[in-house]
Structures are given as C-alpha cells and as structure tokens.
Amino acid sequence: MSKKSLDLAKKDLEHIWHPCTQMKDYEKLPLIPIKKGKGVYLYDYNGNKYIDSISSWWVNIFGHSNKYINKKLKNQVDSLEHVILTCFTHKPIVKLSKRLVEITPKGLEKVFYADNGSSAVEVALKMSYQYHKNRGETRPYFLSLQNGYHGETIGALSVSDVGLYKDTFKHILLKTLQAPVPKNQSENAAKEAALKLEVVLKEYSHEISGFILEPLLQCAGGMHMYAPLYLKLARKLCSKYRVHLIADEIASGFGRTGTMFGVNQANITPDFMTLSKGLTGGYLPLSCTLTTNAIYDTFYGDYNEQKAFLHSHSFTGNPLCCSVANATLDIFEKDDIINKNRKKSAYISKKLKIFKELKNVENTRELGMVSAIDIKGYKPEERVGLKVFDYALKYGVFLRPLGNVVYFMPPYIITYKEIDKMMDVAYEAIKSLQ
Ligand SMILES: *Cc1c(COP(=O)(O)O)cnc(C)c1O
C-alpha cells in the first residue's frame, strides 16, 4: 500500500459516509482510492488496475475518460455550464430531447428532466397521479412488480420491493400493491404472472394510478430476467383497466438488454418511460421521464385552472449533462453499438456455459450485455459475494456481486481479451469458495 493511498483512505473515513454500506465493514475491507480511469480500467495508487466489470454501478457504457465524450464536455463548459430551465432553454437540451423522442417507442413525445434515476421515478409517479386528479379522479395506489427496484427516495422506495432497502421505512411509505414477477424467462411464466396481474387490476384498478416495472431485467433484484411477452400482456391489461404503464428503463435502457430499450423487444409504448444511468455514458447525473401528448395535454390549460405540473430540481436540464448525453447518442449512431454488442454477448454467452461445471453454481442466465451466475450452498451470513469481490480484486477484476449472484455488466467497449480475463477470474473466484 502506498502512503498516498493509505492517507486518502484514512482522511475519507474521517468525514465521508458511503452509500449502501455498513461503514464498519471498512475496518476489515479497506477503501481503495482510485487515481484515474481509462477505458474499462480503474487505476489505484499502488500500481494496480481493475476491469470495471459492472460499469461503475451500471452507468458507464463507453469506458472511463472516453476521448470523444471528454471533447464534447470540454467544448460545452466553455460556452454554457448551467442555466435555469424555466424561462430559458439551450441548444444541448433542444437537440437531446428531439433525439430521445426519435429513439424511444413511437408515441412518447414529451421529455421532463431531473438529475438522478430516483427523481425520474418520482416525476413519473407524480405525473401519473396528477393526470388522474386533473380528470377528477383520486387514485392513491401504485402497482409494481415483486422483487422490483426503482430507487431509494421515499416514492421510488415505495414502489420498490427489495426488503433490504425497504423494510426499515415501511411505516412512512406511499400506498402500493405488488404483482408477481414472471419467475423465469419462459413464456409460460410470463402468462402465469399476467393472469395474476389481471386479478389485481380487476379488483383495484379504480384506485391505482400506474403500474411501474423494470422491462425484462430486474437489476437490483438479483439480475432477475423475464420474457418480453409479459410486457405485451401488461400493456394490454393496463390499457384495458385504464392504468398507466410506467417503464423504468433506468438500468435496462441504452442497449443493456440487447436492444436500445427493453420495451423494444415487446414492441410496446409505455405511458411513461424513465431514463438515467447510461444516458450520459455514466459521466454526469441526468435523468428524464418521457410521456405521451395525451397525458401532457391534461396538464395544459390556463394558470388558474391549477393543472400544471409544479415540480422542479435546481439542476434540471443541465447543459453539461445534456451535451454529454448527446455525445453518448452520437457514439451509439456512429459506432453501430447495438449490432456490435450482439457479437460480444454471443461470445459472453458461450463462456458463461463453462460456469455450470462448477458444483457451487446453481444456474446462469443472460440477456444482451448482462449475464449472471447464481451461487448455491451458502448462507447469507457467509457473505460469499464479498469473498468473490475480494478474490477477483487481487487478480485485477472489479466484481460486486448482489448477495449470491455474481454478474457481469461491463462497458460496451470491453475487448474480447478483457472479457476472457473478467470471466476467467470470476470462474476462479467462485471455484475458490469450494
Ligand atoms: C438505479 C436505478 C434507479 C435509481 O436511480 P438513481 O440514480 O440511483 O437514483 C431506478 N430504477 C432502476 C431500475 C435502477 O436500476
């Protein structure tokens, strides 16, 4: 350990309260100060580099310190760093909004901006609720999927269903109902879950504003995956029972599931769609909620009708964030990313099969640029995820398992050689548990 590294880690703990962490863990598992990032690699102060195989919490899709994005960001900072978005507008946001409408499903025409994923979810929930209110109906419930995750602010947490984050706060949350998620990627599981969804809607639809789900992939819920058919059936049921369908594409969006958005695989248009994470290539905090003209129109009227959506964030539509989002979309276009990823995910898929040979592997699954391995035979207290993390780090790979689920969600610029290294180290890490 270099002196610089030890010194930074020590000073950090004097004042910084880290996210999603029991801080006492740092007594045994020291913090790693990161000096720089380049491509898929993170570099520490001790001469080590690590493959960022989870894209720094699923955000970084084109690598760290990407040359093209850097250039666009530097250009923007010299002309306009920020401006309030009421009364004013600016070129990067006008350009970005048109492009987002073009690449998202037909029918989504309006874009509302915030600065993180949870806030985009809050916006969708509030808009959905107010849409009904503007039409003279009070619908106090939201429906969501079991095992879902939509962020950790109070509203977003209310529609989430990951006990670890939610149980502590259960007495102060919004009113929600949960419908079963399809139990695997088969079409039968999708049909079964849709039947149960209809049971809930039949009974409660007049009290439910919207139904929120993560299309195809529940990331925080252990990389759980389900078939596009469920989205098709859910779309039909939501229309039938006049409940909004809210597609939270914060993690599944921007190519992660193999198509630009998860909902593309079901060919549906949700009533709301939330985006963040990959939106800025993982550079800057930006999020948005897209919706239809029909919903937008119910908020439109004279000021005194009190129909407007009175919601704002200080950094709404920040020009630096928008310029970086435009750069991210440029890369998708000019480098034909979605098609190139297909070959990479086929390669990852082939290598993933080898994990099934390990006795402590229960199951593997994959979807586009995400793959996951369930480890079996350990109790939660054994914290095998932590052991895998620790092992892999020593060999230059940063993995951050979710409980007993080891997964790969690398930046799309990862090379085949780097895929080999990432997966071979994970294999050895899981084997070392035996
Ligand atoms: C990460 C995530 C969020 C929350 O985004 P934050 O920027 O962390 O607030 C919401 N929904 C999904 C599906 C996510 O993966």
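This is a predicted model: local features need pLDDT of at least 70, side-chain atom pairs count only at pLDDT 80 or more; totals for chains, interfaces and linings use all residues.
Helices, in the numbering used here, are DSSP runs of H or I with at least four residues, counted from the N terminus. With that in mind, select C87, which is found in the loop between α3 (67–77) and α4 (91–103).

**Stop 1**

Most residues other than glycine have a negative phi. Is C87 buried or exposed? Its relative accessible area is 77%, and the cut-off for exposed is over 50%, so C87 is exposed.

Next, select C20. Look for C20 in the loop between α1 (3–15) and β1 (34–38). C20 also is not a glycine and has a positive phi, of about 50°. C20 has a relative accessibility of 41% and therefore counts as partly exposed, a class that lies between 20% and 50%.

**Stop 2: helices α8 and α9**

Select residues 187–204 for helix α8 and residues 228–240 for helix α9. Two packed helices are described by the angle between their axes and the distance between the axes. Here the angle is about 20° and the axes are 9 Å apart. The two helices are therefore roughly parallel to each other, since angles under 35 degrees count as such. The crossing of α8 and α9 is right-handed.

Now show the side chains at the contact. From α8, select E187, A190, K191, A193, A194, L197, E198 and L201.

**Stop 3: a three-stranded sheet**

Move on to the open sheet with the strand order β13-β14-β16, where the pairing is antiparallel. Select β13 (361–367) and β16 (405–408): these stand at the edges, and each has a single partner strand, so one side of each is left without a neighbour in the sheet. On average, neighbouring strands of this sheet are turned by 15° against each other, direction ignored.

Then pick β14, residues 370–375, which is joined to β16 by four bridges. Within this part of the sheet, select S371 and look across to F408 in β16, which stands opposite.

**Stop 4: the helix across the sheet**

Finally, select residues 416–431, helix α14. Which strands does helix α14 lie across? They are β13, β14 and β16, and the helix runs at about 170° to β16.

How values were computed. Residues are numbered from 1 along each chain as its sequence is written. Side-chain values use heavy atoms; hydrogens and water are left out. Two strands pair if DSSP finds at least two bridges between them. Axes are lines fitted to C-alpha atoms, for helices over the stretch in contact, and angles run from 0 to 180 degrees between N-to-C directions. Contact means heavy atoms within 4.5 Å. Angles under 35 degrees count as roughly parallel, over 145 as roughly antiparallel, 65 to 115 as roughly perpendicular and the rest as oblique. A crossing is left-handed if the near helix is turned anticlockwise from the far one by less than a right angle, and right-handed if clockwise. Buried means under 20% relative accessible area, exposed over 50%, partly exposed in between (1.4 Å probe, protein chains only).
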